[in-house]
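Trainee: Please take a close look at one part of this model for me. I would like the ligand site and its surroundings in one connected account.

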Amino acid sequence: MIIVMKKTATDDEIKTIIAEIKDNDLKPMPLYGTERTVIAVIGDERILDKQHIKSMPGVSDAMLVLPPYKLVSRETKFEDTIVTVKDGIKIGGKEIQIMAGPCAVENYEFVSQAAKACKKSGAKILRGGAFKPRTGPYSFQGLGEEGLKILQQVGKEENMATVTEVLNPKDIELVAQYTDILQVGARNMQNFNLLEELGKVDKPVLLKRGMSAKIKEWLLAAEYIMSNGNPNVIMCERGIRTFEQEIRSTLALTSVPIIKKLSHLPIIVDPSHSAGKPYLIPPMAKAAIACGADGIIVEVHPKPEEALCDGQQALLPDIFDTMMQEIKPIAKVLGRVL
Ligand code: PEP
Ligand code: MN
């Protein structure tokens with residue numbers, strides 16, 4: 001159930017509703033919007049007497065949310081969620097955000113060179129994996145904490161926010177110490193234990209779509225994070241498995257307007273892991289922005305031929321720069337800025 005408070009509802013009235021929910025052994029989850037405050041009720045909502053709730057001071061309405069995902073649903077919150085990453089870096093608002101950098105943190109030099117170039121071209125968020133989810137156990141698995149340190153250091157030097165993947169619930173605390181956004185990779189989208197633990201963190205979570213996940217399953221994965229207390233979830237479409245072998249994954253851009261319709265959460269697109277080849281990445285990035293994505297996460301490497309992971313799809317800095325210049329007018333036509 002969601003309880004919609006009147007615009008004029010006082011703090012005390014909101015507190016009374018929260019106490020009422022708790023008295024019924026249910027969990028209240030207030031969602032404060034600029035237009036209205038909504039209190040979502042987690043648990044067996046049938047326990048609550050809807051008519052009684054509706055009659056309480058400050059309450060405008062109480063209603064059941066039909067989709068199985070409740071907190072992430074547009075029915076629960078009309079307004080777009082804008083995730084604040086750091087001062088001046090928001091995802092889901094007017095500004096398009098670009099996350100760029102190498103697939104993996106390999107050494108200080110490569111990350112620093114990539115970051116300098118990406119920053120110069122307009123990216124505000126630096127990506128780089130320290131824990132890599134590799135298909136085979138003999139491939140480079142990432143530098144672990146040393147990689148996190150390099151990413152954090154370069155982020156500070158270039159005044160960029162950072163995003164990096166966390167693979168394991170036991171590493172969340174460590175990764176959260178070093179980075180601004182915690183990434184859940186496609187392979188972990190239904191690692192429910194990881195999602196629950198990320199719900200207890202006060203940093204934004206970038207939730208990639210599983211390569212075989214339906215949109216509903218992806219939204220339910222986001223619900224796991226939100227229902228555990230973390231409202232700062234950013235969805236990321238990265239392509240799904242189909243019969244097509246010409247590309248790494250099929251970039252399902254329809255999910256951008258679908259997520260926008262079904263949910264209030266921001267959504268970005270990863271053209272690198274979907275296209276898998278540099279020449280396909282700029283067109284897909286432009287298409288992503290054109291269809292309403294709030295940003296892009298893309299792999300950029302100063303020396304792709306020396307990369308230890310995903311070098312075959314890394315953009316060279318000058319190609320990335322051209323892509324950024326081409327995205328700008330598209331963003332502008334849509335009333336957005338980059
Ligand atoms: C990545 O971003 O480096 C990555 C491994 O992506 P995905 O989880 O989408 O495959
Ligand atoms: Mn990669």
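**The ligand site**

Mentor: This is a predicted model. Start with Gln 183. A polar atom in the side chain of Gln 183 lies 3.0 Å from an oxygen atom of ligand 1. Ala 186 uses its backbone instead: a polar backbone atom there is 2.8 Å from an oxygen atom of ligand 1. Arg 187 brings in its side chain, with an N or O atom 2.8 Å from a ligand 1 oxygen. Ligand 1 taken alone exposes 300 Å², and the protein buries 97% of that.

Now widen the view. Ligand 1 sits in the largest pocket. Around it are 13 residues. The closest are Arg 127, Lys 132, Ala 186, Arg 187 and Arg 238. By class, this shell has seven charged, three polar and three nonpolar residues.

Next, the metal. Ligand 2 is a manganese ion. Its protein donors are Cys 103 (SG), His 273 (NE2), Glu 299 (OE) and Asp 310 (OD). Along the sequence, the donor residues follow the spacing C-x169-H-x25-E-x10-D. Cys 103 lies in the loop between strand S7 (97-101) and helix H3 (108-121). Asp 310 lies in the loop between strand S14 (295-299) and helix H11 (317-333). The pair therefore ties together parts that are 207 residues apart in sequence.

Methods:
Residues are numbered from 1 along each chain as its sequence is written. Chains are lettered from A and ligands numbered from 1 in the order in which they are written. This is a predicted model: local features need pLDDT of at least 70, side-chain atom pairs count only at pLDDT 80 or more; totals for chains, interfaces and linings use all residues. Side-chain values use heavy atoms; hydrogens and water are left out. A residue is near a molecule or strand if one of its heavy atoms lies within 4 Å of it. A polar contact is a pair of N or O atoms within 3.5 Å; within protein, one must be able to donate a hydrogen and the other to accept it, and residues adjacent in sequence count only if both atoms are side-chain atoms. Accessible areas come from the Shrake-Rupley method with a 1.4 Å probe; for residues, only the protein chains shown count as cover. On a 1 Å grid over the protein atoms alone, a cavity is a set of points where a 1.4 Å probe fits but cannot get out, and a pocket is an open set with protein on both sides within 12 Å along at least five of seven lines; lining residues have an atom within 4 Å of a point. A molecule sits in a cavity or pocket if more than half of its atoms lie within 2 Å of its grid points. Ala, Val, Leu, Ile, Met, Phe, Trp, Tyr, Cys and Pro count as nonpolar, Asp, Glu, Lys and Arg as charged, and the others, Gly among them, as polar. Donors are N, O and S atoms within 2.8 Å of the metal (3.2 Å for Na, K and Ca); water is not among the atoms, so sites may look incomplete. Helices (H or I, at least four residues) and strands (E, at least two) are DSSP runs, numbered from the N terminus.
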